[in-house]
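Subject: Structure for you to look at

Hello,

Here is the structure I said I would pass on. Please open it first; my notes on what was found follow below.

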Amino acid sequence: MDVNTWFEVEDPEEYGEEPWDFDEAELAFLAALRTRAADWRVPWAHSLVGRPEDESSFLVHIGLVDEARRLLLGEWAVHFYGDHVRAGKVRDQLFNLHEPPDQAFFQASGTVEELAGLCADWFEALLSRPVVRLEWPSESGGYATRWEFPDTGEVLAVSGSVPAGGSSPAYRVQVRP
């Protein structure tokens, strides 16, 4: 486990916007989530707290990055609404979520503490998954690259034309343990 702080509160004043006005339930959710995250035994990942552009929810999200390539591989978010949450893989810059079950989407209702526990478990399970980078030489002299969760083969990102037909990659690099 890294000693970095999980779920830093994004500062909207950096962008010339008004500071957040989080309510009591949102602050309690954040405190409970951080308490649970303090016990995680997973590699650190970028995480932030804020609101989506439409300010419809309290937003907590993480991003998985290939540090060697400085490439964001995907973001996952929880939208907290006081008595329920919607969580899943982020599909755009507005933090809208993919909703099909194959994208680990879930929604739940409950108390602040119950919801923070469910979300902490969900984030921890996600952060526990290894990520690999697969590389194939390309005709141009570079590499076609695919990043994936090897446990399911779920593709996170692709660069270049990855060969079809299941050819073995020339290189397999562990990005996250």
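This is a predicted model: local features need pLDDT of at least 70, side-chain atom pairs count only at pLDDT 80 or more; totals for chains, interfaces and linings use all residues.

I will start with Leu48, which sits in strand 2, residues 46-50. Leu48 counts as buried because its relative accessible area is 17%, and the cut-off for buried is under 20%.

Overall layout

The chain contains two helices and ten strands. Read from the N terminus, the order of elements is β-α-β-β-β-β-β-α-β-β-β-β. The C-alpha trace spans about 55 × 35 × 35 Å along its principal axes. Of the 177 residues in the chain, 41% are buried.

Two pairs give a sense of distances across the model. Arg172 belongs to strand 10, residues 171-176, and is exposed, with a relative accessible area of 53%. The C-alpha atoms of Arg172 and Ser56 are 41 Å apart, with a sequence separation of 116 residues. Arg34 is in helix 1 and is partly exposed, at 32% relative accessible area. Between the C-alpha atoms of Arg34 and Arg70 there are 26 Å, for 36 residues along the chain.

In soluble globular proteins, nonpolar side chains tend to be buried together. The largest nonpolar core here has 38 residues, and those with the most contacts inside it are Phe7, Phe29, Trp40, Val85 and Phe123. At least two residues of this core come from each of helix 1, strand 3 (58-66), strand 4 (71-80), strand 5 (84-89), strand 6 (106-109), helix 2 (112-128), strand 8 (143-149) and strand 9 (154-159). Helix 2 gives the most, with nine residues.

Phe7 is placed in the segment before strand 1 and counts as buried, since its relative accessibility is 0%. Its phi is near 60°, a positive value in a residue other than glycine. Most residues other than glycine have a negative phi.

Glu55 also has a positive phi, near 55°, and is likewise not a glycine. Where is Glu55 found? Glu55 is in the loop between strand 2 and strand 3. Is Glu55 buried or exposed? Glu55 counts as exposed because its relative accessibility is 54%, and exposed means over 50%.

Charges

The structure holds ten salt bridges. Some of them are described here.

- Arg133 and Glu135 form a salt bridge in which the closest N and O atoms are 3.0 Å apart. Arg133 is buried, and Glu135 is buried too.
- Asp66, Arg69, Arg133 and Glu135 are linked in a network of salt bridges.
- Arg146 and Glu148 meet through their side chains in a salt bridge, at 3.0 Å from N to O. Arg146 is partly exposed, with a relative accessible area of 22%, whereas Glu148 counts as buried at 9% relative accessibility.
- Asp92 forms a salt bridge with Arg91, with 3.7 Å between the closest N and O atoms. Asp92 counts as partly exposed because its relative accessibility is 27%, and partly exposed lies between the buried limit of 20% and the exposed limit of 50%.

Glu18 lies in the loop between strand 1 (8-9) and helix 1 (24-37). Why does Glu18 count as exposed? Its relative accessibility is 66%, and exposed means over 50%. A residue needs over 30% relative accessible area and no salt bridge to be part of a patch, so Glu18, at 66%, passes the accessibility part of that rule.

That is what I have on this one.

Regards

Note on methods. Residues are numbered from 1 along each chain as its sequence is written. Side-chain values use heavy atoms; hydrogens and water are left out. Helices (H or I, at least four residues) and strands (E, at least two) are DSSP runs, numbered from the N terminus. Buried means under 20% relative accessible area, exposed over 50%, partly exposed in between (1.4 Å probe, protein chains only). A nonpolar core is a set of buried Ala, Val, Leu, Ile, Met, Phe, Trp, Tyr and Cys residues joined through side-chain atoms within 4.5 Å. A salt bridge is a side-chain nitrogen of Lys or Arg within 4 Å of a carboxyl oxygen of Asp or Glu.
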